[in-house]
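Visitor: I'd like to learn how to read a model like this one, ligand by ligand. Can you walk me through it?

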Amino acid sequence: MRLRLSFVVLLALLIPLASVAKDAFPKACVDCHVKSGSADMRLSTLAKAWAVKAPAALTARVSTVMPQGAALKGKHPPISPAVLKEVPASCRKCHTATSKTIPPLAPMIHAIHFGGDKNDFVSKHGAECTHCHKVDAKKGQMAVPTGAEK
Ligand code: HEC
Ligand code: HEC
Ligand code: HEC
């Protein structure tokens, strides 16, 4: 009886461990930016708000990574359904590494998701690089996968 009980306890302890080991966001952006219950984190939903007026906190964070001499207006161009089929590869078509007018993708995404405890990505998601960067152990390389919004 005692043995069986400890087996059950052991099993109960292992289940959460197993779920931690599994990658909950294999497609990065589109696996985390989803609608669940009343919380709608989809980029399409967020972008509808940006097209009217980007939240001040977002503009403040992204302002720190603007190309020299450029400034944000705080209003995003509308995001088409085609863009939402390839996130974040399609974002990079405008957010290029060499843009002189808009924020390049990598520093923009890093600035948005890091920066201390007040950031939900840090406090709720543990600030893991591998939520976005997937490691191919065989090739020894890392890349951010692209996926369609759910
Ligand atoms: C594991 C979850 C997770 C992943 C993966 C993730 N994000 Fe986020 N993202 C968040 C959270 C949480 C926030 C809110 C941060 C805050 O302001 O507290 C956020 C905020 C944002 C915002 C700002 C939204 C706004 O209106 O303020 C953008 C844009 C964004 N993410 C784009 C992306 C892109 C593009 C990717 C993929 C390269 C990505 N995210 C990957 C969790 C994630
Ligand atoms: C058609 C070109 C284009 C595409 C595609 C595009 N962006 Fe942008 N983005 C812009 C421009 C232009 C700005 C500057 C807007 C401004 O001045 O406020 C911007 C600014 C931003 C900002 C700063 C918000 C602010 O304060 O205005 C975020 C966040 C952002 N883009 C996220 C994304 C994400 C995520 C994607 C892909 C899902 C994406 N963008 C695709 C053109 C684009
Ligand atoms: C929320 C998503 C996200 C997280 C979390 C994230 N990155 Fe990135 N990172 C990106 C994206 C998107 C790019 C651009 C990839 C591309 O253009 O193919 C990028 C690019 C990079 C690059 C390439 C250099 C550059 O500036 O283009 C490096 C290095 C990097 N990330 C390191 C890190 C490290 C280290 C961490 C953890 C501390 C991290 N990233 C966390 C999304 C993320």
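Visitor: Let's start with ligand 1. How do the residues of its shell divide into nonpolar, polar and charged?

Guide: First, keep in mind that this is a predicted model. To read a shell, you sort its residues by class. Around ligand 1 you get 15 nonpolar, five polar and two charged residues.

Visitor: And which residues are the closest to ligand 1?

Guide: The shell has 22 residues, and the closest are Cys-29, Cys-32, Leu-58, Asp-120 and His-131. The largest share comes from α8, with four residues.

Visitor: What lies between α7 and α8?

Guide: There's a loop there, and Asn-119 is in it.

Visitor: Which residues does Asn-119 contact, leaving aside its neighbours within four places in sequence?

Guide: With those set aside, Asn-119 is in contact with His-113 and Phe-114.

Visitor: On to ligand 2. How many residues surround it, and which elements supply at least two of them?

Guide: Ligand 2 has 23 residues around it, with Ala-54, Thr-59, Lys-73, Cys-91 and Cys-94 the closest. At least two residues each come from α3 (43-52), α4 (56-63) and α6 (91-94). By class, the shell holds 15 nonpolar, five polar and three charged residues.

Visitor: Which element gives the most to the shell around ligand 3?

Guide: That's α7, with five residues. The residues surrounding ligand 3 include Leu-105, Ala-106, Ile-109, His-110 and His-113, and also Cys-129, His-131, Cys-132 and His-133. Sorted by class, this shell has seven nonpolar residues, four polar and one charged.

Visitor: Now zoom out for me. How many helices and strands are there in the protein, and in what order do they run?

Guide: Count the elements, then read them along the chain. The protein has eight helices and four strands, and from the N terminus they run α-α-β-β-α-α-α-α-α-α-β-β.

Visitor: What share of the protein's residues is buried?

Guide: Of the 150 residues, 5% are buried. For contacts, look at sequence separation: among those between residues at least 6 apart, 55% join residues at least 24 apart.

How values were computed
Residues are numbered from 1 along each chain as its sequence is written. Chains are lettered from A and ligands numbered from 1 in the order in which they are written. This is a predicted model: local features need pLDDT of at least 70, side-chain atom pairs count only at pLDDT 80 or more; totals for chains, interfaces and linings use all residues. A residue is near a molecule or strand if its C-beta atom, placed from the backbone, lies within 6 Å of it. Ala, Val, Leu, Ile, Met, Phe, Trp, Tyr, Cys and Pro count as nonpolar, Asp, Glu, Lys and Arg as charged, and the others, Gly among them, as polar. Two residues are in contact if their C-beta atoms, placed from the backbone, lie within 7 Å. A residue is buried if 20 or more other C-beta atoms lie within 10 Å of its own, exposed if 12 or fewer, and partly exposed in between; C-beta atoms are placed from the backbone.
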